Amino acid sequence: MPYLRRMASLVGCAVLLTTGGCALTPAVTIQEAADPPTELNVWLIPGSGLEDRIDEYQAQHPELSIHIQNSAYEELPNKLQTAFAARYSSPDVAMIEIDFMDRFQQYPGYFHNLFDFGAEGLKNDFLDWKWNQALSPNGRFLFGLPTDIGPYAMIYRRDLFARADLPTEPQDVEKLMSSWDRFLQAGVQLHQKTGVAFINDLESLYRAIVNQAEEQYYDKDGRLVVESNPAVRRAWKLAMQAHDADLSANLTIHTEKWSKGLNQDFAVMLCPAWLVASMKDSAPQAEGLWNIASLPEGSASRGGSFLALPVTGNHPKEAYELIKWLTAPPQQLKTFMEQFTFPSTPSVYKSSELLGYRDPYFNEAPIGEIYAKAAEGVSPAYTGAKHASIQKHLLEIMRRVDDGKLASDQSWETMVQEIKALDEKLNR
């Protein structure tokens, strides 16, 4: 905390022999300028929910001046790489989304090893799998502290399910849709009886399924396995079946059409926890129409981030204290209660606040309990340094199918060819 240093200067009296008197000049206080606050620059992804927590930390630490800059999901890592390449100043704290973590782990020289600040003592605060995602292969370098995770749940329209003669209570929905094949069968029934699409788009279905796999586009030796991986083939096949049965509304999340579509255009949202707040904000008039159940065939996670310290930042010690506080269990729980970004700190999963969280938007379902159970069951897939680029292009091909620009029966071969070509390009 900055302090004003005060020095009192007393100018002594001069004895005036001719008058026998003594004159004192008044006491003068000279105030030195306050120490300027230490500036911390923080780069975040929109929707992180951390802005309010940072405001709290700022209020507790007036010796700091914390500046937040939000950048889009893909924009932030690109800006960070540009800063490293150009050798100019980067933020003190950078949020790294899981899809880009393996890419940055190739460049440990650009980040502080958080073990050097004592982060080893925080390990037991976090889910093992989440902590391990930020570790170097040899386990000696920690790139970031975990923030939120993205466990899935199946959010469904009770009214549309009732119109389609499908069960409406969560336990009955889970029993009926215990597998993805049965999920699609229920979707066909709903679409035939109501004329409404079952899912918002093919991408959401594909990602929920493929995120349950232990391996996706690359194996741990860095080999491209898109074509040979049965998990990718199955997820693609099921998405194409959904397309051929006209189950997709072709509404991409976070678009205006998706926001409007939440009111009446599709019946199921395969929803990572961080998307819940957007659903509520986008379609408040749909309150009470949705309910929530577990995902078919087990748990999965989509998204989730870390807070890292680039070496080109100016104040690593202060930055570490900030991210240590932001990612601690009490702050993660509070952010969940306000923004529904789900904690990576399992100690809060048994808290009365989380387990007791029910929301009228979702028909008072025990939403905290459902997502906590999903989080504990996650076994995340290995990704790899080129994962984000490969998946981005793969999903663009899938959107061509959703848009009617590519036939579903040609899509697998097209995707495999284009992904192989992209992988070769990335290897140059």
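Figure 1. Glu338 counts as partly exposed, because its relative accessibility is 41%, where the class partly exposed lies between buried (under 20% relative accessible area) and exposed (over 50%), with a 1.4 Å probe and protein chains only. Arg53, in contrast, counts as buried at 1% relative accessibility. The two residues form a salt bridge in which the closest N and O atoms are 3.0 Å apart, a salt bridge being a side-chain nitrogen of Lys or Arg within 4 Å of a carboxyl oxygen of Asp or Glu. This pair links distant parts of the chain, since Glu338 belongs to helix α13 (residues 329–339) and Arg53 to helix α1 (residues 51–60), 285 residues apart; helices here are DSSP runs (H or I, at least four residues), numbered from the N terminus. The model is predicted, so local features need pLDDT of at least 70 and side-chain atom pairs count only at pLDDT 80 or more, whereas totals for chains, interfaces and linings use all residues. Residues are numbered from 1 along each chain as its sequence is written, and side-chain values use heavy atoms, with hydrogens and water left out.

**Figure 2. Lys334 and Glu56, a salt bridge between helices.** The closest N and O atoms of Lys334 and Glu56 are 3.0 Å apart in this salt bridge. Because Lys334 lies in helix α13 and Glu56 in helix α1, the pair ties together parts that are 278 residues apart in sequence. Lys334 is partly exposed, with a relative accessibility of 37%, and Glu56 is also partly exposed, with a relative accessible area of 22%.

Figure 3. Glu256 is exposed, with a relative accessible area of 58%, and Lys260 counts as exposed at 53% relative accessibility.

Figure 4. The mean pLDDT of the chain (the predictor's confidence in each residue, from 0 to 100) is 91, and 92% of its residues reach 70 or more. Over residues 1–26, however, the pLDDT is below 50, and this stretch has 31 contacts in the model beyond near neighbours in sequence, a contact meaning heavy atoms within 4.5 Å.

How values were computed
Helix = DSSP H or I, 4+ residues; strand = E, 2+ residues; numbered from the N terminus.
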